Each structure stands twice: as C-alpha cells, then as structure tokens.
Amino acid sequence: MTVNQRNILSVRDMDREEIDRLLSAAAEFDHGKGTGHELDGKILAVLFFEPSTRTRMSFSSAMMRLGGKILNLGSVEATSIAKGETLSDTIRVVSGYADAIVLRHPKEGAARLASEVASVPVINGGDGAGQHPSQTLLDLYTIRESMPLRNIDIGLQGDLRYGRTVHSLAFALSKYDNIRIHSIAPEGLDFPSSLKADLSELGVELICHDTIEECLPELDVLYVTRLQRERFPDPVAFDNYASTYRITPELLEAAKPNMIVLHPLPRVDEIDPRVDTLPCAKYFDQAHNGVPVRMAMLNEVMKQ
Amino acid sequence: MTKPEKTLVISPIQRGTVIDHITPGEGLTVINILGITRGTGVTVTVACNVESSRGGRKDLVKIADRELLKEEVDKIALVAPDATISIIRDYRVVDKKTVSVPQEIVGVITCPNPNCITNTKEPVPTRFAAQTRGFRCRYCDTVISLDKDIGNYI
C-alpha cells in the first residue's frame, strides 16, 4: 500500500466527518452538479468473486458517469483464480492495470487483505457476511434525503444475526446523535451478542421487540431485510415467521405519516407489492441512490 | 524429622532465557507460540507442574543460547500472564522482566471464524487487536471474548 492511499473498507474505519463528506458529495452528484469528467482517463477494476446485480452494475454506472472506464474480471472460472492463484497475487497484478479496485469476495476480511497488497485504492464491495460500506452509505444517504441524521427511531427487521447490511448500518448510525435502534427479529435471528456489546459501548440505545406492532408507531425509519429459509430449523417455522413479518398497507396504517420503509433488495415476501406505491416506500429510490453514492466513493479514492 | 533437601528438577543453563511462573499446563503452548518447534535446532527444556515458590504449581521453560526479545515474549502473556522472563549469561540472571499483552498479536491466534480470509491459503498472518472485551480479528472483526480460553485458539 502506498502512503496516503485511500481505501474504503468498512464503516468501522470511518468517522462521522468522513461519512458526512461522502454523503454531501453524493448529493451534489445526485442533483446534477457533477461535470461527468471527474475521472476522465481513469480505469476501475471490478473484481466480483460472487454474483451481484445492483452493486456491480451501480459501481460500473457510477464510474462511467464520472468519465472513467471499467475493467471487468469476468467469470472466475475463466481466470487464473480457477488455476489456484491467491487473491493476494491477483490483486498485486490487477493493481498494475487499473487506478482503483472494487472487490466483492465470499471471505470476510478479503478487502482489507487486498488493501494491504494493492498499490491502488481498494473499495470493499462486500466481503462474505462482513462489511459492505457502499450499501451502508447509500442507506444513510436515503435516510438523509428524508430527514436529518439525528433524533431517529429506526426499526431493523428480519435476519439481524446474519444480515451484514443491518450490522453495518447500526454501526454507522452509532456515530450520529440520539439514534434509537429497535430490533425486530425472530428468536435466534436477533443481533449477535458481540454487535450488541459494540453498540452498547458506543452508547446506542438498542430496544429488542418480538413483533413490529410493539414499536411501529414510534418509528421514523423501518428497514426490512430478507428472511432466508435456510436459517430456520424447519419450513413450518419459516412460514410462520414469514407471514408474521410481512409488511402490508394495513399494517402501515399504524405508522407515523412521515415514516419511510427501506429494504436493501432483493426482497421476496417481506414487503407486500401493494406497499410499493405508497409514499413511504423508498426502497427503489434507495437502490437508485447507489449510483451517486458510489460516484462519491470512486471520486474520493481516485481524485487527484 | 529433618526437612528434605531441595533438588533441582532441571539443570541450569549457561546462557539463554528462562521463562518462569508459566500457568500450569501452558508450557508447551508457550513453546508453540515462540515458534521454537521441530527443526529449529534450539535446545529447550520444559518442566511441567513443578512446585512454585509462590505456592501451587507452575510450568517452566529454559531456552539455551538464545536471548528472547521483549516483543517475542510478550506474545506468551496471552496464556501465561504471570510469567517472568530471565536472561541468563554465565549462569547469572542479567535481566528480568514481566510480560504484557501487546496491542496487536500477529501470527499467534487462529481466527475462529471459518470464513475469515486468514483461514484460507492466502499468505497472511492473523492479526488480532487487544481490546477491553477481548481480541478482535483485524480482517473479519470476530471477537474472542475474555471469558474464552485463548489457549484454544493458538
């Protein structure tokens, strides 16, 4: 790693000032204030070792909107990785081909390792069940588009044990003032105890609920995540929980008028499609916000 | 009845390092942590469960012809926080120090997360930061809390 090399690996590494700066830059791009030439002549290597639709395409779109070009890894099967090359060697080689690397990898910590051997900036595009900072930043950005990032009651619903997006979001929100987190999860899928301890150390108020009805009228933001069938001991238990946790227009009648509903997508059955047309449904805006937020991240690490 | 004469369990060394007051049962783990294993050519003596002058039992390690540096021996504080290190020259103790857990422990602890990048073929040593609640993996953020026996992860 070169001196002053700027990586974006985890929200744990970022202070509030850095996050706010990126969100403000994203707002500038979102509101058409970019030139479209910020990264003219630059190349972004997109190394995705796992399937991805939104992250991969929105990083590519963001780079093109800044005037830069994309170098894609392609399918893993057609590369030296299939021959047994280590990630470290791949990153060292690709460092010579591009001005920055976006990495998605199935192993936790892969992006940090990559940043240690790369000679160009590395952005973590998601590593296993670990960190996914661009998702967290676009989640924060979407909230900030609706309300200031303070005095917020946010409900996090779904698989809170294994869902990396909610872990990172909870951690990022801990950097803001007067945030209350309401966890709404079936037994066994609540936040891991280590994350609860982290949040407690950071002074975040965490309130656990069995059902959404217990806290819905208090919420300013409801963040829903996908329940994965394979996390449940048996299919009947899954079906029971899935029906309980479904967000419907009828349920949302008890919410504050300005509450917003977010979801990192893809959704399955957690949100009734009839919710899509309600003013509170912000999850497709959230997905679209991935482009300006990733433009801000790419510009941050590659600007002169 | 006369008091039995004290006898040496293991012989003194002319030059090298003595690690004393190791938690009973951790002597071999200490050797492992220091990387003094097969093929190094270093003469090592390990005594397990010997009587301690502080009362109770202890393990003891003597390493001939090698003076360990503080940063080397600090690693053993993970399993033997009460250990003392004596540097020996001409059968005399010329320096004596205690151990303290370093801020970052490199290449000693195995990350318990099977999906951590350090548990792959990547040529990278594990790195754990010592924090108030335990030891945090630099790569995957897994925390080994203080109530766990860290010896199980070495």
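The model is predicted: local features need pLDDT of at least 70 and side-chain atom pairs count only at pLDDT 80 or more, while totals for chains, interfaces and linings use all residues. Residues are numbered from 1 along each chain as its sequence is written, and chains are lettered from A and ligands numbered from 1 in the order in which they are written.

**View 1. Helix α3 of chain A and its cover.** Helix α3 spans residues 87-95 of chain A, and its buried residues are A:Leu87, A:Thr90, A:Ile91 and A:Ser95. A residue is buried if 20 or more other C-beta atoms lie within 10 Å of its own, exposed if 12 or fewer, and partly exposed in between, with C-beta atoms placed from the backbone. Helices (H or I, at least four residues) and strands (E, at least two) are DSSP runs, numbered from the N terminus. The buried residues of α3(A) line one face of the helix, because they fall within an arc of 135° when seen down its axis. The arc is that of the directions from the helix axis to the C-beta atoms. A:Ala114 touches A:Leu87, A:Ile91, A:Ile101, A:Leu103 and A:Val122, with residues up to four places away in sequence left out. Contact here requires that the C-beta atoms of two residues, placed from the backbone, lie within 7 Å.

**View 2. Helix α1 of chain A.** Helix α1 (residues 16-30) of chain A has 15 residues and reaches 21 Å from its first C-alpha to its last, close to the 21 Å expected at 1.5 Å a residue. The expected span is 1.5 Å times one less than the number of residues in the helix. Buried in α1(A) are A:Ile19, A:Leu22, A:Leu23, A:Ala25, A:Ala26 and A:Phe29. Seen down the axis, these buried residues fall within an arc of 160°, so they line one face of α1(A). A:Glu17 and A:Ser24 are exposed on the other side of α1(A). The cover over the buried residues of α1(A) includes α5 (133-146), α6 (164-173) and α11 of chain A. Just after α1(A), A:Gly32 takes a positive phi of about 75°.

**View 3. The two domains of chain A.** Domain 1 of chain A takes in 11-130 + 289-302, and domain 2 takes in 134-287; such bounds come from an automatic or database domain assignment. The C-alpha centres of these domains lie 26 Å apart. In the contact between them, 17 residues of domain 1 of chain A meet 19 residues of domain 2 of chain A. On the domain 1 side, α1, α2 (54-65) and α11 of chain A each supply at least two residues. α1(A) gives the most to that side, with five residues. By class, the domain 1 side has eight nonpolar, five polar and four charged residues. Ala, Val, Leu, Ile, Met, Phe, Trp, Tyr, Cys and Pro count as nonpolar, Asp, Glu, Lys and Arg as charged, and the others, Gly among them, as polar.

**View 4. The largest nonpolar core.** This core has 115 residues, and those with the most contacts inside it are A:Ile101, A:Ala114, A:Val261, A:Leu298 and B:Ile76. Helix α11 (residues 290-302) of chain A gives the most to the core, with seven residues. A nonpolar core is a set of buried Ala, Val, Leu, Ile, Met, Phe, Trp, Tyr and Cys residues joined through C-beta atoms within 7 Å.

**View 5. The contact between chains A and B.** Here 16 residues of chain B are in contact with 14 residues of chain A. The chain B side has seven nonpolar, four polar and five charged residues.

View 6. Chain B has two helices and nine strands, and its domain assignment gives domain 1 (15-98) and domain 2 (104-153). The centres of the two domains, taken over C-alpha atoms, are separated by 24 Å. Their contact takes six residues from domain 1 of chain B and four residues from domain 2 of chain B. B:Thr126 is found in the loop between β6 (104-106) and β7 (127-131) of chain B. B:Thr126 is buried, because 21 other C-beta atoms lie within 10 Å. B:Thr126 touches B:Gly107, B:Ile109, B:Thr110, B:Cys111, B:Thr118 and B:Cys137, not counting residues up to four places away in sequence. The C-alpha atoms of B:Thr126 and B:Arg138 are separated by 7.8 Å, and the two are twelve residues apart along the chain.
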